[in-house]
Amino acid sequence: MATASIKDSQLRIMLNAGTDAEGNPIVKYKTFNNVKTSATADQLYNIVGAIAPLQQHGLGQVERNDSFTITPV
Amino acid sequence: MAKTLELKFLNEEGKVVTVSLNDPVEPADQAAVSAAMDTILAQNAFLSSGGELVSKKEARIVERNVTDIPLA
């Protein structure tokens with residue numbers, strides 16, 4: 001048997017920064033690396049809701065990336 | 001001229017932890033910035049090597065000016 005335990009968590013926000021010369025949407029990313037692995041979706045959502053209005057670009061997708069280590073039990 | 005909004009907190013060790021955002025809305029809405037920092041503390045979802053975020057320290061907008069020097 002092997003088990004996966006969570007190692008790191010990252011919060012990634014996609015921001016819509018207009019369109020480029022060809023009309024393709026420009027997407028900017030902001031990544032927060034120091035997220036607690038125990039953070040809940042609610043907590044992250046509330047944080048994004050508070051800080052997104054402080055900057056100029058429209059809020060796109062909000063992502064959470066977790067990495068796990070797999071070890072034998 | 002790139003501007004960055006820096007939100008500075010103190011962690012359990014008394015060291016400064018910065019959450020930064022590019023392209024801030026200007027002029028900065030003091031109440032919104034302060035409330036956002038309160039939310040970050042209340043949600044308690046960030047962790048630094050020196051522990052959790054404990055209190056607000058300061059917020060500032062930092063501007064970086066770049067002047068290219070032409071090399072003859």
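The model is predicted. In chain A, three strands make up an open sheet with antiparallel pairing, and helix 1 of chain A packs on that sheet. In chain B, strand 4 pairs with strand 1 and also with strand 3.

**The sheet of chain A**
- Reading across the open sheet of chain A, the strand order is 2-1-3.
- Strand 2 (25–35) and strand 3 (58–72) of chain A are the edge strands, each of them pairing on one side only.
- On average, neighbouring strands of this sheet are turned by 25° against each other, with direction ignored.
- Helix 1 of chain A, spanning residues 41–51, touches strand 1, strand 2 and strand 3 of chain A.
- The direction of helix 1 makes about 25° with that of strand 1 of chain A.

**Strands 1 and 3 of chain A**
- Strand 1 of chain A (residues 2–19) pairs with strand 3 of chain A over 13 bridges, in the antiparallel sense.

**Strand 4 of chain B and its partners**
- Strand 1 (residues 2–11) and strand 4 (residues 51–64) of chain B run antiparallel and are joined by 10 bridges.
- B:Glu6 has B:Arg60, in strand 4 of chain B, opposite it.
- Strand 3 of chain B covers residues 47–48 and pairs with strand 4 of chain B through two bridges, again antiparallel.
- B:Leu47 has B:Glu52 of strand 4 as its bridge partner.
- Two residues lie between strand 3 and strand 4 of chain B, which form a hairpin.

Definitions and conventions: Residues numbered from 1 in each chain as written. Chains lettered and ligands numbered in written order. Predicted model: local features only at pLDDT ≥ 70, side-chain atom pairs only at ≥ 80, totals over all residues. Heavy atoms only, no water. Pairing = 2+ DSSP bridges. Helix = DSSP H or I, 4+ residues; strand = E, 2+ residues; numbered from the N terminus. Axes fitted to C-alpha atoms, helices over the stretch in contact; angles between N-to-C directions. Contact = heavy atoms within 4.5 Å.
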